Amino acid sequence: MIPAKHRHHRAVIPAVVNGGAVVTNLKFIAIVLIGMVSLVVSISEAQWTENGVPVRATPDDEYPAVIVTNDAGGALILFHDTYEYAHIAGVCNVDAQGVLQWSTSFICERWFSSHRMIPDGAGGVFWATGAIISGGSQYTCQGRIKADGSEDAFGAGCWDFGWLLNGPDLCSDGVGGVILTWHEWRDTSTTEFDVRAQRIDEGGGNYWELCGVEVCAAAGYQWWPRIATDDANGGIVVWGGGDGLYAQRVDKDGNVSWTASGVPICTATGSQVSYEIIPDGAGGAVIVWQDGRRGDHDIFAQRIDTDGNVLWVIDGIPVCEEDNDQEHPLILPDGVGGVFIAWRDRRNGDYGIYAQRIDSNGTAMWSSGGEVVCGEPGDQQDHAIVTDGVGGIILAWSDGRGPDYDVYAQRLDGDGNIQWPDSGVAVCAAPESQDLVVMTSDGTYGAIVAWQDHRNDTDTDIYATRISGSGVPVGIDHPQRGMPPKSLTLHQNLPNPFNPSTLISYYVPERSHVTLDVYDAAGRWVVRLVERNQHVGAHTVAWNGHNASGIAVSSGVYFARLAAGPQTSVIKMVLLR
């Protein structure tokens, strides 16, 4: 058997949406699903444990493809699973305590080439995937899985057996449905791919014409589109072609709004790949990509407004142009008009993880070339990023500093300062390798992390864990010791001193009624942050420096007092405005 550290990883391909059911002669035909299986698992006590809990473990190989929040502190994980000669994709639901609630899956005749999934706003998800079947034909399919695990497969694409459809991506339409985009190869006598899109309501009905609307049908090939909402029930699509990156806006009625064939985002020499797009909060979008104009790979970005005007320099701003390769950028909004960008970086020989914050004007806010998130010996890869809910970010990755790959994580505040130990915290250090990391926010300043796990040497499984805002896996006080504290524990707030917000983490040794209050230096009550019954384990809450009336308090010393039953604990905090 090939050692786990040297097994091949999945290719990183810009995924796209659609997922469409298949249409022939303007009539829908069934997508190639061999069968459909649902499993409901009963709820039990909290399950998070050191090195993660198995959320999908069968005799076959599995990996997590996408993860999103389930709106209840848990996560929905879209997985890919080999099954004899077929391939399975499906979704499993893990609650905030690490208990599998349900798992549902469908079987494809051959294999999947891309996966996408977004929350449906009601505790479920919309999913889309590209697939390849016997004979090499390609198609897209998509559906909705509701919060209770019930599923609806529905179609939006148009397919003839002579066409190839693939590369789906999707975004919310803002009113309960989705907008999907994909690329098509309609004329097999040429090598030209076009980009199309369709808007689908929450029940699977099409808003636009049967086979979707044309986003770009320029000469040559346009493929692997990505889409972000335009905040007006439409979407902004970016795609790659033979001469660069282009974008187009499709309004809520299916009309393209910008220049025919799209607005150029970057037409510099070299390749532009691994691109991502997010809304800018003002009707436009920010796009980031891996750029080959200098020979090696760098990270560039561009912002485009709602009217199709590029707002930063032509062909994009350099986010990082350090020596050697910078690859696979990921992007998140910072909540105030800018973005966080993270990538893997080989400037020092081995691949490390770096991050940068860019403001709305395209100006770097952190150190030139980015802040080092992890630069330990060995390669770091398969990185993921989420916001921490208080102006910063949490990152996780597969880390090669040891004999096998393990999962590590780090948190940076809004100024780019490292918040956890400099080398990161070990999320999973189980035997053999852990890779293909995905992550989503847990809604309480922490994150749920999932990964492909090789600890069972005969196949790969999917494991997950939840990590608090203080960097402690939930239910475990110190993962290296593996033993939670036996008494109520209130950890020092992070950061401290702070401005404007800080995270306060604590451990509850038994289910209790918990209160957490803030007092000023004179002993006057300021605000109550927590008042509820809470289960055993680690918890985190943020204080934004405001009193109970919502007014910002002045600089000074403050005290946080935690009470659970007869036990209390107090820490001192310093606010510096």
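## Asp 173 and its polar contacts

The side chain of Asp 173 reaches the backbone nitrogen of Gly 177 at 2.8 Å. A polar atom of that side chain also lies 2.9 Å from the backbone nitrogen of Val 175. A polar contact is a pair of N or O atoms within 3.5 Å; within protein, one must be able to donate a hydrogen and the other to accept it, and residues adjacent in sequence count only if both atoms are side-chain atoms.

## Basis of the model

The model is predicted: local features need pLDDT of at least 70 and side-chain atom pairs count only at pLDDT 80 or more, while totals for chains, interfaces and linings use all residues. Residues are numbered from 1 along each chain as its sequence is written, and side-chain values use heavy atoms, with hydrogens and water left out.

## Setting of Asp 173

Asp 173 sits in the loop between strand S13 (164-172) and strand S14 (178-185); strands are DSSP runs of E, at least two residues, numbered from the N terminus. Asp 173 is buried, at a relative accessible area of 1% (buried means under 20%, with a 1.4 Å probe and protein chains only).

Not counting residues up to four places away in sequence, Asp 173 touches Val 178, Ile 179, Arg 199, Ile 200, Tyr 207 and Asn 233 (heavy atoms within 4.5 Å).

## The four-stranded sheet

An open sheet of 4 strands runs in the order S4-S35-S34-S33 with antiparallel pairing; two strands pair if DSSP finds at least two bridges between them. Strand S4 (53-56) and strand S33 (434-441) are the edge strands, each pairing on one side only.

Strand S34 (residues 447-453) and strand S35 (residues 461-467) run antiparallel and are joined by 7 bridges. Val 449 has Thr 465 in S35 as its bridge partner.

Conventions:
Buried < 20%, exposed > 50% of the residue type's maximum accessible area, 1.4 Å probe, protein only.
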